[in-house]
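Me: I would like to learn how to read a protein interface and the residues around it. Can you take me through an example?

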Amino acid sequence: MVMFTESDTARLDEPVADGPVVRPLRVKRRIKGRPVNHANGSCETRTEWVGHVARIRDAQDQAAFAELFQHFAPRVKAFLIKSGSDAAMAEECAQEVMATLWHKAHLFDPTRATVATWVFTIARNKRIDVLRRQRRPEPEDLGWGPEAEPDQHDVMALQQETAQLRDALTALPEAQRELIEKAYFGDLSHREIASQTGLPLGTIKSRIRLALDRLRHAMN
Amino acid sequence: MMSNKIKHHLTDDLLMAYAAGTLPEAFDLMVATHLTLCDHCRARAESFDAVGGCVLQEQDAAVSMNDGSLAATMAMIAQGAPVAKPVRPGCSVLPTPLQDYVGGDVNDIKWRSIGMGVKQAILPTTHEATARLLFIPAGAAVPDHSHNGMELTMVLQGAFSDEVDHFARGDVEIADEDLHHTPTADISEDCICLAVTDAPLKFNKLMPRLFQPFLRI
């Protein structure tokens, strides 16, 4: 697919607008710059999935949904199989998770979660419902305030910080990363989960906290 | 509903387990109730959700969906959204997640007396752990007890004090095997708490021990 991240693309376009003064620096940086996106070609730093969800929400856009489906449905299925589901059940649940994404597109808040995070929470709740046959109490929903559209800067910042979190996760020593994955596949009880994840969660936590504060402010 | 005065928060272990979806239902209920009142912990919990999002993204593409999967999903979507259960607004005592379990507001709690003015209502969850609401009259004490497992107690109305500290609305006390305590409600108001345990309590005096079969805790 697309090989440039959002920032790469911006750098290519910018000289036209900014004039030649900064061009040499940019050229130099491009030569030295290492690719920001991951080896497997996924594009976590891009915000395009956010746009896909908006197109589903605003226009019931089936083409946008098909692309989201192609990317996320197999991952949800793989996640559910690793969580102990058989393939047939995982297939059915992955379809239901994607259908939920369609129906709940208006509830997605890109200043607090990436689309991947949001899909994860839907898949997790599906697993609790179907595999554990248990209700899942959730905190009270924080509805959107009067200003419906989130600030693009906030959206971009959250997406980038999540990309950094993902880099940190993949950079962890193998044994530690496996422990975290096992926790999320449901292979560790809450007694076995160690709070020391070794992951830099402080930045992303502060970012989400700011988004919550803005929501509270808008509600009052 | 939200409070900025909360001093006693949930641990990272509990928040990560909540994000991972591995807690017993009673503990999920405690976490969801606290997060409704505490944006500090909600932000922490959602950052653990983000770890889950990263784990999901890392799933390799070796698994593929069946033929016709997208069409089947579109057909499912065409049938319309499942009917959402009505959202309860939350009253001044019971946050929304608890209202779902009580089936109403604070006036709908089906209290049962357990002696000495203390009342409880066990909430319907799976049996790995027990969630109950506790009513402690103003100025009264819950019998001195220790715990086999973990006990979380969160204040919903009023406040209590014990050997550890003072706890007000939204504060969570986390007690384990090592803690013997006698929570005493503030004199100003009757205290209502949500208490969650993953093992029966041990009472340290003979009388309360006799009550234990009735307590079902």
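This is a predicted model: local features need pLDDT of at least 70, side-chain atom pairs count only at pLDDT 80 or more; totals for chains, interfaces and linings use all residues.

Me: Start with the interface. How many residues does the contact take from chain A and from chain B?

Reply: Chain A gives 68 residues and chain B gives 64 residues. About 6,200 Å² is buried between the two chains. Carbon and sulfur atoms give 62% of that area. On the side of chain A, the residues that lose the most area to chain B are Glu140(A), Tyr184(A) and His190(A). Together they make up 12% of what that side buries.

Me: Next, the charges and polar groups. How many salt bridges and polar contacts link chain A and chain B?

Reply: Five salt bridges are counted between the chains. In one of them, Glu58(B) pairs with Arg166(A), with the closest N and O atoms 2.6 Å apart.

Me: Which elements of chain A build the side that touches chain B?

Reply: Look for elements that give two or more residues. In chain A these are α4 (62-82), α5 (87-103), α6 (115-130), α7 (152-171), α8 (174-184) and α9 (202-219). The largest share comes from α4(A), with 15 residues. By class, this side of chain A has 35 nonpolar, 13 polar and 20 charged residues.

Me: Now chain B. What is its secondary structure, and what percentage of its residues count as buried?

Reply: Chain B has six helices and 11 strands. Of its 217 residues, 57% count as buried. Then ask how far along the sequence the contacts reach. Among contacts in chain B between residues at least 6 apart in sequence, 65% join residues at least 24 apart. The accessible surface of chain B is about 8,900 Å², and 56% of it belongs to carbon and sulfur atoms.

Me: How do I read a single helix? Is α1 of chain B enclosed or open?

Reply: An α-helix has 3.6 residues a turn, so residues three or four places apart point the same way. Then count the buried residues. In α1 (residues 12-20) of chain B, seven of the nine residues are buried, so this helix is largely enclosed by the rest of the structure. The buried residues are Leu14(B), Leu15(B), Met16(B), Ala17(B), Tyr18(B), Ala19(B) and Ala20(B).

Me: What do the buried residues of α1(B) pack against?

Reply: Partners come from both chains. From chain A they are α6 and α8. From chain B they are α2 (25-37), α3 (39-57), β5 (151-157) and β8 (172-175).

Me: What comes just after α1(B)?

Reply: Gly21(B) follows, with a positive phi of about 80°. Thr22(B) is in the loop between α1 and α2 of chain B.

Me: Is Thr22(B) buried or exposed?

Reply: Thr22(B) has a relative accessible area of 11%, so it is buried.

Me: Where is Thr111(A), and what does it contact?

Reply: Thr111(A) sits in the loop between α5 and α6 of chain A. Its relative accessible area is 7%, so Thr111(A) is buried. Beyond four places in sequence, its contacts are Pro150(A), Asp154(A), Val155(A), Leu158(A) and Ala211(A). Thr111(A) and Leu158(A) are 47 residues apart in sequence, yet their C-alpha atoms are 6.1 Å apart. The side chains of Thr111(A) and Asp109(A) are joined by a polar contact of 2.6 Å.

Methods: Residues are numbered from 1 along each chain as its sequence is written. Chains are lettered from A and ligands numbered from 1 in the order in which they are written. Side-chain values use heavy atoms; hydrogens and water are left out. Contact means heavy atoms within 4.5 Å. Buried area is the accessible area (1.4 Å probe) that two parts lose on being put together, summed over both. A salt bridge is a side-chain nitrogen of Lys or Arg within 4 Å of a carboxyl oxygen of Asp or Glu. Helices (H or I, at least four residues) and strands (E, at least two) are DSSP runs, numbered from the N terminus. Ala, Val, Leu, Ile, Met, Phe, Trp, Tyr, Cys and Pro count as nonpolar, Asp, Glu, Lys and Arg as charged, and the others, Gly among them, as polar. Buried means under 20% relative accessible area, exposed over 50%, partly exposed in between (1.4 Å probe, protein chains only). Accessible areas come from the Shrake-Rupley method with a 1.4 Å probe; for residues, only the protein chains shown count as cover. A polar contact is a pair of N or O atoms within 3.5 Å; within protein, one must be able to donate a hydrogen and the other to accept it, and residues adjacent in sequence count only if both atoms are side-chain atoms.
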